[in-house]
Each structure stands twice: as C-alpha cells, then as structure tokens.
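Grab a pencil and work through these exercises with the model open beside you. Try each task before you read its solution.

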Amino acid sequence: GLIDGTIDIIATDHAPHTDYEKDVELCYAPMGITGLETLLPISLEVLYHSKKLELPSLLRRITEKPAKICNLNAGTLSAGAAADIAVFDPDKQWVYRPDTALSRSHNSPWMNRPLRGQVQATFVGGRCVFKDGKVIPKTGA
C-alpha cells in the first residue's frame with residue numbers, strides 16, 4: 001500500500017512500557033511496543049534499501065504527509081514551517097541495544113539486532129535536542 005499510494009503515511013504510536021508493566025499475563029499487559037527509535041531504520045531497510053521507494057518519497061510519508069493530515073505547519077523545510085529536523089545517515093550500521101536505547105521501554109522485536117540508517121541529530125523548533133546518541137538537556141529557566 002505504501003508503494004502504490006494506498007497508504008499515505010508511516011507512523012508509530014510509540015507505546016513504551018516498562019519491563020514491570022509488560023511482565024504480566026497478556027490480557028493485563030498494556031498494548032504496544034517502543035517504535036520511535038526504529039521507525040526510520042526499519043522504513044529505510046524495507047522500502048529504500050530494497051529499492052521499493054525513492055528516499056524523498058519515503059521521507060514525505062514520515063514527515064510532510066502526516067503533518068498535512070493533522071493540519072500542521074510542519075514536515076517540510078519551507079519558510080515559516082516548524083524547524084523540526086532529523087539529520088540521519090541512511091547507511092549507518094548499528095545495533096539497537098537496551099543500554100543505548102533512549103526509550104524507557106525495551107520491548108522491541110528489533111532489540112539487539114543490526115539496523116541500517118541512524119539519526120545523528122534532532123532539532124525541535126530549531127533547537128538541537130539530540131546529537132551523537134545523547135539527549136541534549138534544555139538549559140535556562
């Protein structure tokens with residue numbers, strides 16, 4: 001559906017839950033897995049590296065199209081749009097590990113698996129909030 005345009009966007013509900021919340025009987029466990037840190041590399045692997053979608057088309061489905069659906073002035077680099085930007089290396093190989101994961105949750109089918117494509121820096125409203133694997137704390141009052 002993503003390839004033929006039937007599905008417009010790629011998103012994650014990113015439902016992180018701690019180990020103790022998930023370590024119960026299935027019917028009592030909260031639904032969902034962590035997905036924010038792996039959305040880009042999994043999308044790159046399945047659609048871009050496999051040559052099913054060109055990179056600009058893939059990125060529009062993660063950025064511009066969801067913003068339009070939600071009627072947000074975001075998802076583009078145009079003047080006046082929110083300066084929310086992820087700088088990434090589409091070919092960077094890495095392993096998603098519990099000791100480096102930024103989510104409070106580690107329930108992911110991609111944990112301890114090699115991935116290709118990694119975010120190097122993230123800007124929110126023009127301010128760098130993540131760089132080289134580290135969250136940058138907000139300074140000031």
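**Exercise 1. Is Lys 68 buried, partly exposed or exposed, and which residue does Lys 68 form a salt bridge with?**

Solution. This is a predicted model, so treat each value as computed from the prediction.
- Step 1: Lys 68 has a relative accessible area of 60%. Exposed means over 50%, so Lys 68 is exposed.
- Step 2: Look for the partner. Lys 68 forms a salt bridge with Glu 64, and the closest N and O atoms are 3.4 Å apart.
- Step 3: Now check the partner's cover. Glu 64 has a relative accessible area of 23%, so Glu 64 is partly exposed.

**Exercise 2. Why is helix H2 described as largely enclosed by the rest of the structure?**

Solution. 
- Step 1: Helix H2 covers residues 39–48, and seven of its 10 residues are buried, so the rest of the structure largely encloses this helix.
- Step 2: Find those residues in the model: Leu 39, Leu 40, Pro 41, Ile 42, Ser 43, Leu 44 and Leu 47 are the buried residues of H2.
- Step 3: See what they pack against. The buried residues of H2 pack against helix H3 (55–62), S1 and strand S2 (114–124).

**Exercise 3. Where is His 17, and which residues is His 17 in contact with beyond its neighbours within four places in sequence?**

Solution. 
- Step 1: You'll find His 17 in the segment before helix H1 (19–22).
- Step 2: Buried means under 20% relative accessible area, so at 14% His 17 counts as buried.
- Step 3: Leave out the neighbours within four places in sequence, and the contacts of His 17 are Lys 22, Pro 30, Met 31, Gly 32, Ser 105 and Asn 107.
- Step 4: Zoom in on Met 31: the side chain of His 17 reaches the backbone oxygen of Met 31 at 3.0 Å.

**Exercise 4. What are the distance between ring centres and the angle of the planes for Trp 94 and Tyr 96?**

Solution. A pair of aromatic rings is described by the distance of the centres and the angle of the planes.
- Step 1: The count comes to one aromatic pair.
- Step 2: The ring centres of Trp 94 and Tyr 96 are 6.0 Å apart and the planes stand at 80°, so this pair is edge-to-face.
- Step 3: For cover, both Trp 94 and Tyr 96 are buried.

**Exercise 5. Which residues make the nonpolar surface patch of about 280 Å²?**

Solution. 
- Step 1: Leu 77, Ile 85 and Val 87 make this patch.
- Step 2: Leu 77 sits in the loop between helix H4 (64–69) and strand S1 (85–95).
- Step 3: Leu 77 has a relative accessible area of 75%, so Leu 77 is exposed.

**Exercise 6. How many helices and strands does the protein chain have, and what pattern does the chain follow?**

Solution. 
- Step 1: The protein chain has four helices and four strands.
- Step 2: Go along the sequence and you get the pattern α-α-α-α-β-β-β-β.
- Step 3: Of the 141 residues in the protein chain, 29% count as buried.
- Step 4: For the overall extent, the C-alpha atoms fill a box of roughly 45 × 45 × 30 Å along the principal axes.

Technical notes:
Residues numbered from 1 in each chain as written. Predicted model: local features only at pLDDT ≥ 70, side-chain atom pairs only at ≥ 80, totals over all residues. Heavy atoms only, no water. Helix = DSSP H or I, 4+ residues; strand = E, 2+ residues; numbered from the N terminus. Buried < 20%, exposed > 50% of the residue type's maximum accessible area, 1.4 Å probe, protein only. Polar contact = N/O pair within 3.5 Å; in protein donor to acceptor, adjacent residues only side chain to side chain. Contact = heavy atoms within 4.5 Å. Patch = residues over 30% accessible without salt bridge, like charges linked within 9 Å, V, L, I, M, F, W, Y side chains within 5 Å. Areas by Shrake-Rupley, 256 points an atom, 1.4 Å probe, with all protein chains shown as cover. Salt bridge = Lys/Arg side-chain N within 4 Å of Asp/Glu carboxyl O. Phe/Tyr/Trp six-rings, centres within 6.5 Å; stacked < 30°, edge-to-face > 60°.
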